[in-house]
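Work through these exercises with the model open beside you. Try each task before reading its solution.

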Amino acid sequence: MMETQAGDAGAFRQFDLSRVPSPCFVVDEVAVERNLAVLAQVGAASGAHVLAALKAFSMFELAPLVGRYLGGTCASGLFEARLGRTAYGGEVATFSAGYKASEMAEIVRLSDHVIFNSPSQLARFGDEVRAARKSVGLRINPGHSEGEVAKYDPCAPCSRLGTPVDQLNDAVMAQVDGLHMHTLCEQGFAPLQRTWDAVAPQLAPWMKGLKWLNFGGGHHITRADYDREGLIAFLRAVRAAFGVEVYLEPGEAVALDAGILVGEVLDLPHNGVDLAITDISATCHMPDVIEAPYRPAMLGEVSDGHRYRLGGPSCLAGDVIGDYHWSQPLQIGQRFAFLDQAHYSMVKTNTFNGVPLPSIVLWNSKTDALRIIREFGYDDFKDRLS
């Protein structure tokens, strides 16, 4: 069985799933603000610039809230840079594994930092960034792997992400203001410390010439067991030792345990095991379930009882979410919800097979106020194809 993704039900234990359309993402703005307050405290205590990674959570209805706590956003290309600049404000740091020449002028205009993946892209576009008086960065690959799953490990062998540190030289480093490294995925502080210990001696010849260091994302800073004091001390030590500004780019940490995905049972066939066809599709609504793979935690699941294998309505044979237990037999029309679905799941949805996109709802667990932010229909499917 695939590993279960941990999830804290929090205030959703009291949420009435029948209040919203199905399928539907429900985001608790109180939980998001709680995460943002933690990130802001880390930034204030360490002196780090903390930017929200839009690739993980870009629900711009909450952009004013994010802007009250964090220093800006990091983008993965033109569209996210545009969203960060127009909706969120603050700093915009943009990194792409490969920039298009046709988009470069707008990316430079929108961004404060433009971070390149390779010396060749740096040579091609660096002058344009400098001419606009924007900061030039280079992503490095420390060559030290802490990833638990190879496809999510930026430092896996033959990775396309980042310039291997053994390829750095004086000519390359003379062109950059800062270095970026994103090496973690849903991890604590210790892997960051080990990575830095491994790569810092190799960077020593150039550290005094840098203006900033960006430690990227993948830090589970808002998780209850994260060593935030260790992170703060580390960031302060790096700033003091090298006279650089430091950046963090949390994504998942912004929306950790802040949202659920509500679904409904459509049919209950049997084929060797009890099956449940639902209006939630792994391939359309939670693609990481298949790509990682992982088994998302379910609201109110019991450890034993009536077991059903949940799958989506698409024609993909592998559109299977996993096996789950209920204390009572399922009924057609019954609602259920998966935990911790605000990050990544929301930004990865698609309309394969014409499967409808989940609605998006914002809930306040303190006031119980609920707003439907967006419902999707046929035109959202059709317009992507025309």
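**Exercise 1: α7 against α8**

Task: find the handedness of the crossing of α7 and α8, then work out how the two helices pack.

Solution. Step 1: α7 and α8 cross in a left-handed way (left-handed if the near helix is turned anticlockwise from the far one by less than a right angle, right-handed if clockwise). A note on the source: this is a predicted model, where local features need pLDDT of at least 70, side-chain atom pairs count only at pLDDT 80 or more, and totals for chains, interfaces and linings use all residues. Residues are numbered from 1 along each chain as its sequence is written, and side-chain values use heavy atoms, with hydrogens and water left out.

Step 2: α7 covers residues 189–203 and α8 covers residues 228–242 (helices are DSSP runs of H or I, at least four residues; strands are runs of E, at least two; both are numbered from the N terminus). Their angle is about 25°, and their axes lie 10 Å apart (axes are lines fitted to C-alpha atoms over the stretch in contact; angles run from 0 to 180 degrees between N-to-C directions).

Step 3: α7 and α8 are therefore roughly parallel (angles under 35 degrees; over 145 is roughly antiparallel, 65 to 115 roughly perpendicular, the rest oblique).

Step 4: F189, L192, Q193 and W196 of α7 touch G230, L231, F234, V238 and F242 of α8 (contact means heavy atoms within 4.5 Å). These contact residues divide into 7 nonpolar, 2 polar and no charged (Ala, Val, Leu, Ile, Met, Phe, Trp, Tyr, Cys and Pro count as nonpolar; Asp, Glu, Lys and Arg as charged; the others, Gly among them, as polar).

**Exercise 2: α1 against α8**

Task: describe how α1 packs on α8.

Solution. Step 1: α1 spans residues 29–46, and packs on α8 at about 35° with axes 9 Å apart. Step 2: the crossing of α1 and α8 is right-handed. Step 3: α1 gives V38, Q41, V42, A45 and S46, while α8 gives R228, L231, I232, L235, R236 and R239. Step 4: this α1–α8 contact has 6 nonpolar, 2 polar and 3 charged residues.

**Exercise 3: the largest cavity**

Task: which residues line the largest cavity?

Solution. Step 1: the lining is I140, L179, H180, M181, W196, L203, L213, N214 and F215. Step 2: β9 (178–180), α7 and β10 (212–214) each give two or more residues to this lining. Step 3: by class, the cavity lining has 7 nonpolar, 2 polar and no charged residues.

Methods. On a 1 Å grid over the protein atoms alone, a cavity is a set of points where a 1.4 Å probe fits but cannot get out, and a pocket is an open set with protein on both sides within 12 Å along at least five of seven lines; lining residues have an atom within 4 Å of a point.
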